[in-house]
Amino acid sequence: MSRVLLRISLDVDGVLADTIRLWIRLWSKKSGQRLDYEDVIEWNFWRGLGITSEEFMELMRMAWRMWRDLPPTEPNLSEKVARLRTLGRVDIVTARPRDVEKYTLLWLEAHGISFDDIVWIRSSGMKARLDYDVFIDDSPLLVDGCMLRTRILLLYDRPWNRNISCESEFVRRIRSLDEAYQVIKGMLAR
Ligand SMILES: [Mg+2]
């Protein structure tokens, strides 16, 4: 795999921004029910709460409108993403409603996160079809597409993807962005 050509897709929700943490706060306030982060063990966890996808999305939008309160997943994201960029081209690739794009840009800027390009897509299901060598993502929806297209998925460890088996040579679980850096660096050295 050539250093020059390496294209890395970096996800936002669940990998850079800990959106679900704020989502849970908003939902608990609205519903009066308790939900712990570690209990969010499914991608479509909101179904188990008896809400519609529209209600789920509306709270996601609200969380993004409150971008100043949206925590990062890890400290020092700025340095960690900059380090990834020494390995190749890093594009932010994210699915979201148009009306929250501006808040996403503000959040990325506030956290000093640099990137080569930002790609807005309509649904995360189509992400694996994009032309990247490596996807850093928390979504289990990318697993099949990456295996089929022999692309590398570095699955960012979250409670909602822990049921995914990472035994394929194309799917590997990572617990931090530093680990992503080490894995990609190892791939390049081969
Ligand atoms: Mg995500």
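Is Asn76 buried, exposed or partly exposed, and how many other C-beta atoms lie within 10 Å? I found 14 other C-beta atoms within 10 Å of Asn76, so the residue is partly exposed. The terms are defined by C-beta atoms placed from the backbone: a residue is buried if 20 or more others lie within 10 Å of its own, exposed if 12 or fewer, and partly exposed in between.

I note that this is a predicted model, in which local features need pLDDT of at least 70 and side-chain atom pairs count only at pLDDT 80 or more, while totals for chains, interfaces and linings use all residues. Residues are numbered from 1 along each chain as its sequence is written.

I placed Asn76 in the loop between helix H2 (53-65) and helix H3 (77-84). Helices (H or I, at least four residues) and strands (E, at least two) are DSSP runs, numbered from the N terminus. The phi of Asn76 is near 55 degrees, a positive value in a residue other than glycine.

I next looked up Thr150, whose phi is near 50 degrees, again positive in a non-glycine residue. Thr150 sits in the loop between helix H5 (143-148) and strand E5 (152-156). With 10 other C-beta atoms within 10 Å, Thr150 is exposed.

Asp133 belongs to the loop between strand E3 (117-121) and strand E4 (134-137). I recorded Asp133 as partly exposed because it has 18 C-beta neighbours inside 10 Å. Its C-alpha atom is 20 Å from that of Arg122, eleven residues apart along the chain.
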